[in-house]
Number of protein chains: 2
Amino acid sequence: MEEREISQAVIQRLPRYYRYLGDLLDNEVERISSSDLSKKMNVTASQIRQDLNNFGGFGQQGYGYNVKYLYTEIGKILGLDEKHNFIIIGAGNLGQALANYGPFEASGFVLKGIFDVNPHLEGITIRGVAIRMLKDLNQFIEENDIEIAVLTIPKTNAGEVADMLADTKIKGIWNFAHTDLKLPKHIIVENVHLSDSLMRLSYKIGHSTGRLTE
Amino acid sequence: MEEREISQAVIQRLPRYYRYLGDLLDNEVERISSSDLSKKMNVTASQIRQDLNNFGGFGQQGYGYNVKYLYTEIGKILGLDEKHNFIIIGAGNLGQALANYGPFEASGFVLKGIFDVNPHLEGITIRGVAIRMLKDLNQFIEENDIEIAVLTIPKTNAGEVADMLADTKIKGIWNFAHTDLKLPKHIIVENVHLSDSLMRLSYKIGHSTGRLTE
């Protein structure tokens, strides 16, 4: 499928479309109008039509969207029709929680290895995946065709690990370390700064009496 | 301090300022110009000046910002000068990982209780905090002055738990369930949809050869 240039704002929203369409599929809904989808998603129908037009548009006027087709096409755009091998660096609580989260695999994300610096953890397995030492990182990424590294390490170690990853063939980093990483531009970084998110919640709670602008 | 109306975009960025200023404090930096801060944060100096002007502006032309003062004031704006009692609902891997994450407490977020539906977990403690059953939720929130509920439950249970929370005095929900919650407007929801984030990373990896617009 031919794609146009897509704005960051649309990309930001795509996974949400994918999620809602998946729920519709689970409920065996075959077709949905932009108007019904807009009510479910709490966005305007015009926003939905505009967003989906970025991908050539999948709907027909007065006939609605084919849910399965749209779900599949958005999945392809998101790269979910291909396998993505990933590793987790940092076998602490969060690393273990992500390693134990099965549903990633259903979307094509396959956990191949877990890395840590603590020698006591070496060889322990989580869901059958062994914990390895960081010295083997480069070779492991090379040999196992690893695309994504998930960083669940303290910020004090993040710089060092980012430097190590910069020398590998890694394509993307899902960064949970509480710092912004310095990396070559060809490596994509998606940050999940949990503390930032909690602070935003705290702000909104403290300012929820009407002074907040949308 | 008198506050003006603040846009969502600025609120989105505030925790990041707080994080960088905290790092500067850790490194015993007392003053920083908007220009030096802009280089560190990879945003324009004019953006920084505009953002911080929302709070009356803390800098003096040619003299820079007082790091400690700015850090403290932004902390107050984010509500971090007050304690926020929270509970975690869902004692699975992610719930346990968040329960074990100590640094939240340093920012004033105090874990008071953990809830689950699995009776085998009742009474088990994590960091000294006991796991309780959901039937005690309402009373516990009332008696312990709980402001925030962290939802680390499967999406299939999220609707039911959201309904339970709607009847309590909870002020905010930090939602990790992979669905959007329906709640009364006075309850603030901050979503962390991890799968959405991973899909965005996947999209960016698949489209990193130049067709992406900023």
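Mentor: Helix 9 (residues 194–206) of chain B lies across strand 4, strand 5, strand 8, strand 9 and strand 10 of chain A, at about 165° to strand 10 of chain A. The model is predicted: local features need pLDDT of at least 70, side-chain atom pairs count only at pLDDT 80 or more, and totals for chains, interfaces and linings use all residues. Residues are numbered from 1 along each chain as its sequence is written, while chains are lettered from A and ligands numbered from 1 in the order in which they are written.

Trainee: What makes a run a helix or a strand?

Mentor: DSSP runs of H or I with at least four residues are helices, and E runs of at least two are strands, numbered from the N terminus.

Trainee: How many residues of chain B are in contact with chain A?

Mentor: 49 residues of chain B, with 52 residues of chain A. Contact means that C-beta atoms, placed from the backbone, lie within 7 Å. Helix 9 of chain B gives the most to the side of chain B that touches chain A, with 13 residues.

Trainee: Why is A:Asp145 called exposed?

Mentor: A:Asp145 has 11 other C-beta atoms within 10 Å. Exposed means 12 or fewer, buried 20 or more, and partly exposed in between, with C-beta atoms placed from the backbone. So A:Asp145 counts as exposed. A:Asp145 sits in the loop between helix 7 and strand 8 of chain A.

Trainee: And what makes B:Glu28 exposed?

Mentor: B:Glu28 has 7 other C-beta atoms within 10 Å, so B:Glu28 is exposed. Its phi is positive, about 60°, although B:Glu28 is not a glycine.

Note on methods. Contact = placed C-beta atoms within 7 Å. Axes fitted to C-alpha atoms, helices over the stretch in contact; angles between N-to-C directions.
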